[in-house]
Amino acid sequence: MEKNKKLLLLAFLVLTVLIILGRLAFADTPPILYFMYGVRVLLFLGALKLLERKRALLLAFGATLFSDFFFVLEKTFPAPLESRELWGMGGFIGAYLLLLLAFFPRTRVKARSFLGLLPFLLVFALVFRELRPYAEGAFFWVAMITGIILILTAWTLSGAFWGLPSTLPGLSPWFLALAGLLLFASDMVVAYSIFHPDFSGYLFWKEALIWGTYVPGWTLILLASMDKEEKR
């Protein structure tokens with residue numbers, strides 16, 4: 001791995017640890033929420049600098065920043081914004097669609113590679129079964145759309161495990177594969193946080209799981225994208 005990639009990975013891993021420690025110290029209060037959003041801004045600025053010609057990927061990072069405005073920064077406001085969860089989920093739908101545009105194989109996919117969908121489908125089905133009683137109206141349909149797109153995105157990113165063709169050199173396909181698993185795990189915990197009443201409030205272990213997978217996942221996408229050969 002090149003030196004600049006190692007430094008970038010180390011920097012965001014350190015920031016992730018600081019977020020987790022900050023959540024322990026400050027719970028759900030403005031000091032740590034500002035810091036968390038600041039880390040996401042830094043990640044977007046890194047993408048803006050390193051991926052300036054890769055429009056779909058830049059927009060994907062921008063879409064996550066949009067989502068975190070509603071999921072993170074909005075908590076510092078004196079009054080909650082209406083439908084903030086729907087706006088936040090909508091941003092992630094856009095982000096994952098853009099990742100699919102950037103990374104979905106442009107060549108024929110072997111039939112056996114589709115077996116890689118099964119673990120994601122199984123986990124999603126189990127989570128959906130437990131959370132279905134709490135998802136009503138627009139939330140139900142947005143959750144379904146988000147889940148389907150997330151499954152496809154996680155499967156595409158983790159294609160190194162399933163034999164999906166890739167144009168990425170070196171370790172980058174494995175960076176993406178790990179990112180796909182991390183983001184899928186993160187979003188399964190987020191789903192409980194949004195829909196299940198027992199998980200809706202501040203729980204340190206829940207926040208540690210979400211942010212301990214979320215920031216490293218997008219960092220690995222950034223590292224892998226630096227090597228992308230095609231402009232998409």
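1. Rings of Phe, Tyr and Trp count as a pair if their centres lie within 6.5 Å, taking the six-membered ring of Trp. By that rule, the structure holds 22 aromatic pairs. Keep in mind that this is a predicted model.

2. How is a ring pair described? A pair of aromatic rings is described by the distance of the centres and the angle of the planes. Take Phe161 and Trp174. Their ring centres are 5.5 Å apart, and their planes stand at 75° to each other. Planes over 60 degrees apart count as edge-to-face, so this pair is edge-to-face.

3. Which parts does this pair tie together? Phe161 sits in helix H7 (residues 159–162), while Trp174 sits in helix H8 (residues 172–195). The pair therefore links parts that are 13 residues apart in sequence.

4. Another edge-to-face pair is formed by Phe199 and Trp205. Here the figures are 5.9 Å centre to centre and 85° between the planes. Trp205 has a relative accessible area of 45% and is partly exposed.

5. Aromatic residues also group into a cluster. Phe66, Phe69, Phe70, Phe77 and Trp87 form one such cluster.

6. Now look at Arg84, a residue of helix H4. Is Arg84 buried or exposed? Its relative accessible area is 17%. Buried means under 20%, so Arg84 is buried. What does Arg84 touch, leaving aside its neighbours within four places in sequence? Its contacts are Phe70, Phe71, Glu74 and Lys75. Of these, Phe70 is also a member of the aromatic cluster in point 5.

7. Next comes helix packing. Two packed helices are described by the angle between their axes and the distance between the axes. Helix H4 (residues 84–103) packs with helix H9 (residues 204–225) at an angle of about 30°. Their axes are 13 Å apart. Angles under 35 degrees count as roughly parallel, so H4 is roughly parallel to H9. The crossing of H4 past H9 is left-handed.

8. Which residues meet where H4 packs with H9? From H4 come Phe92, Ala95, Tyr96, Leu99 and Phe103. From H9 come Tyr214, Trp218, Ile221 and Ser225. By class, this contact has eight nonpolar residues and one polar residue, with no charged ones.

Notes
Residues numbered from 1 in each chain as written. Predicted model: local features only at pLDDT ≥ 70, side-chain atom pairs only at ≥ 80, totals over all residues. Heavy atoms only, no water. Axes fitted to C-alpha atoms, helices over the stretch in contact; angles between N-to-C directions. Helix = DSSP H or I, 4+ residues; strand = E, 2+ residues; numbered from the N terminus. Parallel < 35°, antiparallel > 145°, perpendicular 65-115°, else oblique. Left-handed = near helix turned anticlockwise from the far one by under 90°. Contact = heavy atoms within 4.5 Å. Nonpolar A, V, L, I, M, F, W, Y, C, P; charged D, E, K, R; others polar. Phe/Tyr/Trp six-rings, centres within 6.5 Å; stacked < 30°, edge-to-face > 60°. Buried < 20%, exposed > 50% of the residue type's maximum accessible area, 1.4 Å probe, protein only.
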